[in-house]
Amino acid sequence: TPQPLSPPLSPERASKIQIVRELSDHGYCPQRPAFSPDGTRVVVGDLHGRLVLREVGTWKTIARAQVMPLNQYQKAQVKRLAWSPCGRWIAVCEAAQTTLRSPDTLEIVKAAPWGGLIAFGGGGEWLAVGGWDLSILRMPDFELMRTYKLNRDQWEYFSITNLSADPGGNVLIAEDDGGSSENGMGCSTGQGESKASVFRVP
């Protein structure tokens, strides 16, 4: 049974919500900031490939990093960010790869040639990466453990439009073979079928 929030947010407290700081130096189009599990740090990326790690409260900059393009055809950009529940890693989905970075320096620890939507599962034991397929990478070596093919024949074009994982090993994905929503590969296609699927990671 879900437990109530303590203390509950009262109308009086809600009326006091306000901006405490505008972080104006995050470059062009900041992407999906991610808080550390203890709430003391936040990492923000942008579409020019810049990463900034800050201390919550003082908003002091702890570290900066620049995502590099893989080749002349891939623009350097940060598409997705995820902080592991154990606090040990920050996953960054870049133009055509996913990197595992230090939560202290933002230096690359590991890199894998899969990009798309990302979510840590199993309390941080693995990372789910979703695009045209669903890949499961084991921590901390970033080893590919399994790839689930969404498209079973040449006439199917399903891709993952949303992805979520829980500590118990469940991965919920939303799939689409069309529609106007952007998929994990950054593509939009025409009208088509949508569905949701649950995968179980033992």
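Cys-86 counts as partly exposed, at 38% relative accessibility; residues are called buried under 20% relative accessible area, exposed over 50%, and partly exposed in between, with a 1.4 Å probe and protein chains only as cover. This is a predicted model, in which local features need pLDDT of at least 70 and side-chain atom pairs count only at pLDDT 80 or more, while totals for chains, interfaces and linings use all residues. Residues are numbered from 1 along each chain as its sequence is written, and side-chain values use heavy atoms, with hydrogens and water left out.

Cys-86 is found in the loop between β5 and β6. Strands are DSSP runs of E with at least two residues, helices are runs of H or I with at least four, and both are numbered from the N terminus. Apart from its neighbours within four places in sequence, Cys-86 is in contact with Pro-37, Gly-123 and Gly-124; contact means heavy atoms within 4.5 Å. Cys-86 and Gly-123 are 37 residues apart along the chain, and their C-alpha atoms are separated by 6.3 Å.

## The chain as a whole

The chain contains one helix and 15 strands. Of its 202 residues, 42% are buried. Among contacts in the chain with a separation of 6 or more, 41% are between residues 24 or more positions apart.

The chain exposes about 11700 Å², and carbon and sulfur atoms supply 53% of that area. Accessible areas come from the Shrake-Rupley method with a 1.4 Å probe; for residues, only the protein chains shown count as cover.

## The sheet from β5 to β8

Four strands form an open sheet in the order β5-β6-β7-β8, with antiparallel pairing. Its edge strands are β5 (80–83) and β8 (108–112), each of which pairs on one side only. Neighbouring strands of this sheet are turned by 20° against each other on average, direction ignored. For such angles, axes are lines fitted to C-alpha atoms, for helices over the stretch in contact, and the angles run from 0 to 180 degrees between N-to-C directions.

Two strands pair if DSSP finds at least two bridges between them. β5 and β6 (residues 90–93) pair in the antiparallel sense over four bridges. Leu-81 stands opposite Val-92 in β6, and the bridge partner of Arg-80 in β6 is Cys-93. The hairpin of β5 and β6 has six residues between the strands, and Gly-87 there takes a positive phi near 85°.

In a regular strand the side chains alternate between the two faces of the sheet. In β5, both faces are covered: Arg-80 and Ala-82 on one side are buried, as are Leu-81 and Trp-83 on the other.

## Loop residues

Gln-97 is in the loop between β6 and β7 (98–101). Gln-97 is buried, with a relative accessible area of 15%. Beyond its neighbours within four places in sequence, Gln-97 has contacts that include Leu-70, Val-92 and Trp-114. Leu-106 lies in the loop between β7 and β8 and has a positive phi of about 65° although it is not a glycine. The relative accessible area of Leu-106 is 1%, so it counts as buried.

The loop between β11 (133–138) and β12 (143–149) holds Pro-140. A cis peptide bond joins Met-139 and Pro-140, with omega about 0°. Phe-142 lies in the loop between β11 and β12. Phe-142 is not a glycine, yet it has a positive phi of about 60°. With a relative accessible area of 5%, Phe-142 is buried.

## The largest pocket

The largest pocket has about 180 Å³ of space. Pockets are found on a 1 Å grid over the protein atoms alone: a pocket is an open set of points with protein on both sides within 12 Å along at least five of seven lines, and lining residues have an atom within 4 Å of a point. Grid points are joined across faces, edges and corners, and a volume is the space filled by probe spheres set on the points.

The lining consists of Glu-125, Trp-126, Ile-136, Arg-138, Met-145, Arg-146, Tyr-148, Val-201 and Pro-202. β11 and β12 each supply at least two residues of this lining. β12 gives the most, with three residues.

How values were computed
On a 1 Å grid over the protein atoms alone, a cavity is a set of points where a 1.4 Å probe fits but cannot get out, and a pocket is an open set with protein on both sides within 12 Å along at least five of seven lines; lining residues have an atom within 4 Å of a point.
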